[in-house]
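The report below concerns the model displayed here. Please keep the sequence and the coordinates in view while reading.

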Amino acid sequence: MASSFTRLISGRNTAVLLASLGAGTMATGFLLSENSSLAAEAKKKLYPPSSDYPDLRKHNNCMASALTPAIYAKLRDKLTPNNWTLDQCIQTGVDNPGHPFIKTVGCVAGDEESYEVFADLFDPVIKDRHNGYDPRTMIHPTDLDSSKLTHGMFDENYVLSSRVRTGRSIRGLSLPPACSRAERREVERVVVTALAGLKGDLAGRYYSLGEMTEQEQQQLIDDHFLFDKPVSPLLTSAFMARDWPDARGIWHNNEKTFLIWVNEEDHTRVISMEKGGNMKRVFERFCRGLKQVEHLIQERGWEFMWNEHLGYILTCPSNLGTGLRAGVHVRLPKLSKDPRFSKILDNLRLQKRGTGGVDTAATGDTFDISNNDRLGKSEVELVQLVVDGVNYLIECEKRLEKGQDIKVPAPIPQFKK
Amino acid sequence: MGGETVCYKLRSQGFWLTGELQRRCWWFVSSSAGKIGIFVSTPDCSSSSHIRQQQGSAMPFGNTHNQLKMKFTPEQEYPDLSKHNNHMAKVLTPAMYERLRSKQTPSGFTLDDVIQTGVDNPGHPFIMTVGCVAGDEETYEVFKELLDPVIEDRHGGYKPTDKHKTDLNPDNLKGGDDLDPNYVLSSRVRTGRSIRGFCLPPHCSRGERRAVEKLSIEALASLSGDLKGKYYALKNMTDAEQQQLIDDHFLFDKPVSPLLLASGMARDWPDARGIWHNDNKTFLVWVNEEDHLRVISMQKGGNMKEVFNRFCTGLTKIESLFKDRGHAFMWNEHLGYVLTCPSNLGTGLRAGVHVKLPNMSKHAKFEEVLKRLRLQKRGTGGVDTAAVGGVFDISNADRLGFSEVELVQMVVDGIKLLIEMEKKLEKGQSIDDLMPCPEVKPSKHLNTSALAPLSLPLLPLFPLPSV
């Protein structure tokens with residue numbers, strides 16, 4: 001219906017828009033043109049932060065708990081140096097209300113500065129997720145000296161495999177939610193170039209997701225190394241799956257005990273693993289490999305994102321600090337049926353997952369047992385905690401086998417304040 | 001100057017620093033042993049909007065860091081489209097990407113925003129998707145260089161200089177009230193409308209989306225007579241209401257198609273989304289699904305004329321109700337009604353029926369007949385579904401370059417022919433003498449409605465030998 005009215009305002013540079021939004025709001029007229037600061041100001045008046053504040057009434061995640069209208073109003077128009085906004089940080093939490101029993105985080109960082117520019121949101125989220133850790137006042141210890149680990153050899157009648165993983169971000173490049181294709185390719189280039197410098201038992205090869213052959217793909221699947229395009233709405237709502245599979249890939253050493261994912265949920269995910277119960281060796285290789293990779297990128301003028309309050313900076317606030325998950329696949333047929341099992345795990349600061357990883361169920365009596373915490377304790381402390389805890393669980397299992405009783409251990413204290 | 005001071009170390013590469021320097025307000029640079037430490041003072045919150053406006057983006061959501069990508073070369077940013085089969089991938093070249101990547105619409109929508117869905121969804125060897133979306137009305141102007149060839153490719157050769165005719169006068173439709181109800185189970189006409197001045201679903205902020213919803217509720221509340229109805233907000237409806245809407249086949253769900261998700265249309269679901277329908281359940285409006293508004297007129301049986309009547313009356317009424325409140329629909333004489341997906345430009349109209357064609361659908365020439373009639377088939381679940389029990393959703397294939405009346409006429413005439421063919425096949429007779437003539441590109445760029453029926457050589461005036 002091309003009336004004269006619509007033809008008049010169809011010209012882009014002379015559009016005059018009258019907006020009346022009904023009872024309770026004011027009518028605003030403004031000139032819409034590309035360079036008019038009047039337009040931006042008027043648009044801000046038309047859409048004050050209160051009009052953009054998300055509806056979080058049905059939500060259960062850390063972001064929804066922390067984001068008040070006042071904080072939103074304060075932060076909405078701020079930008080990080082990479083022009084990342086609050087709305088982009090919280091989009092995943094708005095789109096995924098969460099589960100009454102599982103509290104997800106609900107926000108991500110687009111770059112290192114997100115944690116600073118949007119501190120009014122991220123600080124309470126970090127406190128909520130990391131047992132009261134206060135980034136303003138507390139210092140996070142980093143310790144990758146694997147020689148300090150004791151009793152790191154498990155009874156292999158129970159422990160089937162041992163694994164330590166973490167993530168690392170390359171300083172100066174945006175994180176997966178925000179990165180452009182060129183930035184993502186730069187991450188891939190930096191990491192792959194560095195990894196090519198690894199030698200000895202760490203020497204290995206890179207497989208680009210977009211270019212691998214069918215055989216390579218099948219081999220990686222059989223080795224349980226291959227990662228797929230994320231399907232979880234938690235990740236896709238955070239813009240992490242854009243341009244898939246461009247600049248994504250998997251590197252592993254020839255012995256298949258040291259593995260790096262490039263540009264999946266973080267710039268890099270670093271995994272050390274092997275069958276059996278030699279967590280000491282797994283952790284030793286983990287620390288050595290990480291240090292060598294760090295050295296190799298530093299030679300070229302790059303470094304990892306890190307600071308003394310938040311430790312290693314990663315995309316999801318839940319992975320700040322060490323980003324470390326050390327775990328085992330362990331058989332606990334009797335203990336897992338004991339009603340005290342959950343309490344024992346809680347007190348040991350351990351969590352259980354199915355052997356398919358997060359959000360999977362256990363098959364049979366084999367569990368993935370790993371540390372709960374990431375921030376506020378060092379890498380050595382966390383792995384030691386897992387070692388001691390798993391040894392304790394195995395002790396309990398053995399006692400139950402002999403018909404003896406077990407004790408729930410005292411809860412392990414939080415980080416030193 | 002006040003505000004926060006951020007200190008971080010950068011790789012000391014000259015071109016990188018220059019790119020950064022162009023964006024900052026104040027710089028102090030000091031150097032130490034091989035690295036450059038940069039102290040940045042950023043203004044405090046009250047003038048940060050000034051910075052945002054300088055970058056040309058007034059909306060919270062979007063590719064606000066587009067200018068940062070300029071520090072990388074176009075080659076470094078160019079997407080890998082080697083495995084892609086969609087209109088965007090066919091048209092986009094590295095040279096075009098270089099010319100367009102620094103641009104953005106007044107609301108901050110960028111080239112990468114336009115193409116993200118096409119990059120993320122390589123497509124299918126047999127089905128050609130569009131692969132790009134608009135974030136606002138100006139997208140079609142600012143990114144003409146990309147979108148014009150996409151439009152031309154998608155809409156049968158529609159040129160950038162062509163004019164699109166809008167005709168919503170139902171009296172111009174001939175017949176259509178007598179499609180055989182033994183075959184035609186239901187009739188439906190749908191289109192979309194966008195409200196000028198608001199960003200489209202891929203790009204709008206929550207505030208804008210809510211404003212669109214609020215305006216729509218007010219306008220629709222003024223409808224009367226057989227158009228009087230009620231609005232159901234997706235996030236507020238009761239279980240009973242939801243079940244009723246499902247039973248009526250009215251409820252739309254959060255998109256799951258990656259084509260839609262990758263474009264950002266499902267953000268903040270179900271905020272400001274809803275369904276309005278009249279008490280008779282024959283006129284339905286979806287708010288903030290894939291477009292601002294999707295308007296649907298439907299009823300059981302084969303009286304397409306009545307469906308189209310109500311469609312035009314309702315649309316015209318809604319348009320005037322919006323105008324009363326100072327808002328027009330996005331429209332121009334080249335692209336007709338402007339919608340999110342380039343495939344829906346022009347009329348945005350899909351007129352269709354659910355029709356039983358068990359024999360015809362098994363005939364070897366079924367596809368060919370549909371093609372010549374400028375019709376397409378879908379399963380009865382809608383796009384991307386399969387037909388069940390020989391019942392097909394048959395609708396017009398075109399959207400742009402033909403008026404609404406012309407498109408519905410095509411459907412009416414085409415369905416009549418298909419039913420005749422079905423009846424013949426039932427009796428074991430041949431349909432060769434009923435075959436429509438081969439598809440000829442109609443001269444659809446004439447402005448006068450009087451010429452329109454003559455310019456479409458779709459149906460034979462007399463039986464032709466089979467080809």
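## Basis of the description

Helices (H or I, at least four residues) and strands (E, at least two) are DSSP runs, numbered from the N terminus. The model is predicted: local features need pLDDT of at least 70 and side-chain atom pairs count only at pLDDT 80 or more, while totals for chains, interfaces and linings use all residues. Residues are numbered from 1 along each chain as its sequence is written, chains are lettered from A and ligands numbered from 1 in the order in which they are written, and side-chain values use heavy atoms, with hydrogens and water left out.

## The two chains

Chain B contains 15 helices and 13 strands, and chain A contains 14 helices and 12 strands. Buried residues (under 20% relative accessible area, as against over 50% for exposed and in between for partly exposed; 1.4 Å probe, protein chains only) make up 58% of the 467 residues of chain B and 59% of the 417 residues of chain A.

A contact is defined by heavy atoms within 4.5 Å. In chain B, 72% of the contacts between residues at least 6 apart in sequence join residues at least 24 apart.

## The sheet of chain B

In chain B, 8 strands form an open antiparallel sheet in the order β5-β6-β7-β8-β4-β11-β13-β12. Two strands count as paired if DSSP finds at least two bridges between them. Neighbouring strands are turned by 20 degrees against each other on average, direction ignored. Helix α15 (residues 404–426) of chain B packs on this sheet and touches β4, β11, β12 and β13 (391–396) of chain B; its direction makes about 15 degrees with that of β11(B). Axes are lines fitted to C-alpha atoms, for helices over the stretch in contact, and angles run from 0 to 180 degrees between N-to-C directions.

Strand β4 (residues 184–193) of chain B has 8 of its 10 residues buried, so it is largely enclosed by the rest of the structure. It pairs antiparallel with β8 (residues 293–300) of chain B over 8 bridges, where B:R190 stands opposite B:I296. With β11 (residues 350–356) of chain B, β4(B) forms 6 antiparallel bridges, and B:S187 faces B:V353 there. Elsewhere, β6 (residues 274–278) and β7 (residues 283–287) of chain B are antiparallel partners over 4 bridges, with B:I275 paired to B:W286.

## Domains and annotations

The assignment for chain A, which is automatic or taken from a database, gives domain 1 (43–130) and domain 2 (146–402). Their C-alpha centres lie 27 Å apart, and the contact involves 21 residues from domain 1 of chain A and 23 residues from domain 2 of chain A.

UniProt, in an unreviewed entry, lists "domain: Phosphagen kinase N-terminal" for residues 45–131 of chain A; that span is 49% helix and 0% strand. The annotation of this name for chain B, also from an unreviewed entry, covers residues 69–156, a span with 48% helix and 0% strand. UniProt positions follow the numbering used here, feature names are shortened, and annotations may be inferred rather than shown by experiment.
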